[in-house]
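Trainee: Could you show me how to read aromatic contacts and helix faces in a model like this one?

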Amino acid sequence: MGSIIKSAWQAILLVASCSPEVLGILWTSVRTSGLALLIVTVVGVPLGAAIAMSRFTGRRLIILLLNTGMGLPPVLVGLVVCMFLWRSGPLGFLNLLYTPAAMVIAQVIVAFPIVTALSVAAIQRIDPNLLLQTRALGASRRQTFMITVRECRVGLLAAVMAAFGGIISEVGAVMMVGGNIKGQTRVLTSSIVLETRMGNFETALALGIILLGLSLGVNACLTVLQLRNQARQ
Amino acid sequence: MNEYAGKTATLALLVCLSVVLAACDNAQPPAKATPNEANGTETIILATTTSVNDTGLLDALLPAFTKKTGIKVKPISVGSGEAMRMGKRGDADLLLVHSPKAEQELIDKGFGLNRTPFMRNSFLVLVAGPADDPAKIAAAKEAKEAFKKIADAKAPFVSRSDNSGTHMKELELWKAAGVEPRDAEWYIESGTGMAETLRIANEKDCYVLTDSATFTSQKDGLQLVALYKGDKVLDNIYSVLRLNPAKCPNMKTDAANQLAEFILSGEARQIIADFGKDKYGEPLFELLEK
């Protein structure tokens with residue numbers, strides 16, 4: 001218990017001291033996770049909504065694959081991405097391995113099924129009568145789409161939050177494709193692993209607390225957005 | 001109307017953020033540099049072992065190299081086995097490993113050019129608990145005898161079991177002792193790095209084979225005690241292994257040679273000789289005569 005309190009204090013000191021190394025790690029975490037989240041949100045949410053609202057051959061199969069994809073082991077994603085990005089791999093000429101870009105790619109692949117499958121689920125909760133009414137009032141397909149998305153925004157925000165949770169806590173894939181290189185691809189989660197491996201448990205806990213703080217901050221913003229919308233609905 | 005304004009604002013914010021984040025990929029905050037070949041700086045990959053990386057030695061050596069030559073190094077720490085596979089695939093430009101037999105094999109097969117041993121630390125065989133030594137290995141005269149005693153006493157032993165240099169050395173010793181430990185109920189295979197394996201040994205009161213550098217850096221948190229050391233066979237020799245550009249595709253030969261020369265240079269030797277003194281009172285690695 002004392003260790004945890006000591007670590008909490010160390011966490012505050014670490015951030016307050018603005019040690020360039022810790023700030024660098026924090027920044028790398030923020031920018032890779034932020035970019036990955038942005039990409040999956042911009043692509044996944046509209047795609048999930050579109051899948052939920054249309055009917056086409058293979059729709060059920062796609063939804064099944066997306067739902068299964070939510071349980072995709074990140075470390076497996078990391079291995080496969082590695083195999084593509086190795087110099088000896090098909091995409092090796094891009095020289096992306098062990099860079100933040102590779103980490104973003106891995107995180108996008110991990111989070112994409114999460115946000116898309118949950119978006120599908122969120123849209124499916126809409127009252128079908130509402131859709132009928134909208135159509136009856138003469139709304140175009142595009143307008144119906146926009147109205148449905150608005151109506152389900154609470155659920156869609158939850159999908160984004162779930163994707164963020166998956167991205168920020170991910171460690172296996174980012175370590176494999178990033179290499180956990182000091183000053184380049186070291187993020188909060190991989191630093192925790194390194195410090196633990198070296199036996200510096202208090203530093204590891206402190207980094208964990210910083211990570212939780214970051215997660216709390218982002219989710220606070222998203223939750224405020226979600227609750228405000230809920231009140232209005 | 002308010003809601004749409006809110007939505008548009010959020011969208012605009014997201015778009016700006018994405019532009020900023022994308023642009024930041026090439027930005028260079030102080031004390032941190034993103035390798036970017038378009039800028040003319042070269043980046044090479046050094047495949048090395050966790051026992052070197054986890055001590056922090058590379059953090060002391062590599063910045064000096066980058067300062068001198070401008071070449072950036074990405075140290076990827078895996079087990080010696082994986083490092084050599086990386087070399088074969090051409091995913092590493094230089095290797096820093098400690099598995100002499102496997103290194104020689106790599107050279108014989110033509111993937112490696114040559115190996116230059118340059119530093120050592122000693123393997124120790126440890127047991128948990130202060131004076132408690134159930135297999136009485138402290139009295140052993142040879143490393144393989146210590147291992148035989150452990151097997152005979154069926155004393156719990158933790159193995160890294162990850163094809164690392166340490167693991168390879170451990171298997172050699174079991175072979176020399178005439179014991180096949182796998183599947184024995186007293187033999188625990190952890191599949192993790194050295195520090196973690198030490199922790200497991202500590203928690204479960206087991207014997208464990210470890211390198212002195214990791215043990216020294218972990219000592220404070222452990223009740224394990226160094227019980228057997230000193231046998232020549234337990235010498236852990238680190239070498240710089242140059243790869244063969246003819247067989248390993250995409251190698252950055254010139255930069256790799258510069259790094260190899262640097263590691264063997266006087267400047268690096270000085271850094272290695274001092275490394276660990278301020279933190280642990282003794283240097284973690286011992287240099288070999290040139």
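Mentor: Let us begin with the rings: Phe147(B), Phe157(B), Trp174(B), Trp186(B) and Tyr187(B) form one aromatic cluster. This is a predicted model, in which local features need pLDDT of at least 70 and side-chain atom pairs count only at pLDDT 80 or more, whereas totals for chains, interfaces and linings use all residues. Residues are numbered from 1 along each chain as its sequence is written, chains are lettered from A in the order in which they are written, and side-chain values use heavy atoms, without hydrogens and water.

Trainee: How many aromatic pairs does the structure hold over all chains?

Mentor: Rings of Phe, Tyr and Trp (its six-membered ring) pair if their centres lie within 6.5 Å, and planes under 30 degrees apart count as stacked, over 60 as edge-to-face and the rest as tilted; the structure holds nine such pairs over all chains. Among them, Trp174(B) and Tyr187(B) are edge-to-face, with 6.0 Å centre to centre and 85 degrees between the planes. Trp174(B) lies in helix 7 of chain B and Tyr187(B) in strand 6 of chain B, so the pair ties together parts that are 13 residues apart in sequence. Helices (H or I, at least four residues) and strands (E, at least two) are DSSP runs, numbered from the N terminus.

Trainee: Are Trp174(B) and Tyr187(B) buried or exposed?

Mentor: Buried means under 20% relative accessible area, exposed over 50%, and partly exposed in between (1.4 Å probe, protein chains only); both Trp174(B) and Tyr187(B) are buried.
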